[in-house]
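Let's take a friendly walk through a protein model, from one of its helices to its inner spaces. Please have the sequence and the 3D view ready.

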Amino acid sequence: MAEMFDAIVIGAGQAGGPLSTALAQHGWKTAIIERNLVGGTCVNIGCTPSKTMIASARVAHLARRAGDYGVQVGAISIDLTKVRQRKRDIVESFREGSISSITGTDNLELIYGEARFIDSKTLSINLNEGGTRQLQADKIFINTGGRATIPSISGIESTPYYTEATLMELDTVPEHLIIVGGGYIGLEFGQMYARFGSQVTVIEHGDRLIPHEDVEISEAVTDILREDGIEIILNGNAKAVKQNGSGITLTIATDDGEKNLNGSHLLLAAGRTPNTDALDPAAAGVELGKHGHIKVNDRLETNVAGIYALGDVTGGPAFTHISYDDFRIVRTNVIENGQASTDDRIVSYTLFIDPQLGRAGLSETQALEQGYEVKIAKIPASRIARARETDETRGLWKAVIDAKTDQILGCAILGVEGGEVMGAVQMAMMGKLKYTTIRDSPFSHPTLVESLNNLFTAVED
């Protein structure tokens, strides 16, 4: 006999965890199922650990640059074991906080195991401790996230490789790290390990890095990383790999023919695969997209009544704050009988290279594709007073403006603390302010945000 619940949440990520507590606090008997670690990708193998280690890498970078500021220091060395332990401690504290929130909530049961649909209201749970349970509920919420995609490379099954999760567990700095993939993970890890002292090569199959950005932003990022000593190979396709002594040899096809790269470590950063295979959503009649993502509408409802999906598993923007916003939408609609939707939210994100790339809303390319008539505001980071004072002048600021309404459609802030500055523009976008309001606002001097005055003074008619 199946155990009856009012709601079942599958996956204790950044949407599933808070949703489970909200449902239980609403008085619903709720179960949350987690097959591995509470907290999801962000806490355990994504945002929290990587940004913790990136902070250590930035300190090493600044220490090497100390002489630029008139400060003399000795030789710099990296204790990766200590860097790793600092990362582990912070991850564990965040994870324990998430677990405490769940286990301290009445009407909520945390079950460790892997869920599989039997029908649209029934799940079979293979318990981590052994045995199975069957659970049934009228409302089921899927927050199973994703995992690193393992690309089809000849020999990969018999060759040691790393994903972002396993690479952060190394206790020594790689001699030569080869990265397959020039997206967010590949670039953040590439710069981080270069600053730890690794030789780094990034292989990108397209003709430029981060192709969703405008060309000039993509090229500026590429220039910064190459300036930092990272080798970037564009239009490169990984064909074959084999173990070579204690390292690996990767064969890639390029515009100039095939070439072999010898490295000590291989990081696969070629995208993410949704965790839907073991879940067997077809047994519940849930439709999937062509890449295995769960298809949802603007209210995060699947095609099956009573089944919802949130976070990365839907194939939407794969960011923690978007996953948490999915929780807000479902909470509003399911608990509060509201009408929240994904349609009107402004998607923002930050690429945590140094300097950061903060982005919100539409790029120029996207705005033109959607039929907008646009005006562009753009300044190099070298024109920013605060950046010059701190000797952090690399980058480019760009905003896209609706020429008819003077409202901001999007912005890209590639510069020191770009993610923080972008947040101020995003709030203006949410408030539907005209760009002239920001242009004429008396921000505190000398700050980075103050240079939004300069940016919006540079509007090109």
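Which helices and strands do the buried residues of H4 pack against? They pack against helix H1 (16-25), strand E3 (30-34), helix H2 (40-44), helix H3 (47-64), strand E4 (108-119) and helix H6 (184-196). Helices (H or I, at least four residues) and strands (E, at least two) are DSSP runs, numbered from the N terminus.

Before going on, note that this is a predicted model, in which local features need pLDDT of at least 70 and side-chain atom pairs count only at pLDDT 80 or more, while totals for chains, interfaces and linings use all residues. Residues are numbered from 1 along each chain as its sequence is written, and side-chain values use heavy atoms, with hydrogens and water left out.

**Helix H4**

Helix H4 covers residues 80-103, which is 24 residues. From its first C-alpha to its last it reaches 34 Å, close to the expected 34 Å (the expected span is 1.5 Å times one less than the number of residues). Its buried residues are Leu80, Val83, Arg84, Lys87, Val91, Arg95, Ile99 and Ile102. Here, buried means under 20% relative accessible area, exposed over 50%, and partly exposed in between, with a 1.4 Å probe and protein chains only.

**The nonpolar cores**

In soluble globular proteins, nonpolar side chains tend to be buried together. A nonpolar core is a set of buried Ala, Val, Leu, Ile, Met, Phe, Trp, Tyr and Cys residues joined through side-chain atoms within 4.5 Å. The largest one has 35 residues, and Met53, Leu187, Met192, Tyr193, Phe196, Val200 and Leu225 have the most contacts inside it. Elements that each supply at least two residues of this core include H3, H4 and H6. H6 provides the largest share, 6 residues. Apart from this core lies another, of 26 residues, with Ile384, Val416, Tyr435 and Phe456 among them.

Leaving aside neighbours within four places in sequence, Leu187 is in contact (heavy atoms within 4.5 Å) with Gly182, Val202, Leu209, Ile210, Val221, Leu225, Leu351 and Ile353.

How many disulfides does the structure hold? The count is 0, where a disulfide is a pair of cysteine sulfur atoms within 2.5 Å. The sulfur of Cys42 has its closest cysteine sulfur in Cys47, 3.2 Å away, so the two are too far apart for a bond. Cys42 or Cys47: which is buried and which partly exposed?

| Residue | Relative accessibility | Class |
|---|---|---|
| Cys42 | 12% | buried |
| Cys47 | 30% | partly exposed |

**Pockets and cavities**

On a 1 Å grid over the protein atoms alone, a cavity is a set of points where a 1.4 Å probe fits but cannot get out; a pocket is an open set with protein on both sides within 12 Å along at least five of seven lines, and lining residues have an atom within 4 Å of a point. The second largest pocket holds about 250 Å³ of space. Of its 14 lining residues, Arg58, Phe352, Ile353, Gln356 and Glu417 lie nearest its centre. H3 gives the most to this lining, with 4 residues.

The largest cavity has a volume of about 50 Å³. Its lining includes Glu213, Arg359, Lys398 and Cys411.

Conventions. Points joined across faces, edges and corners; volume = space filled by probe spheres on them.
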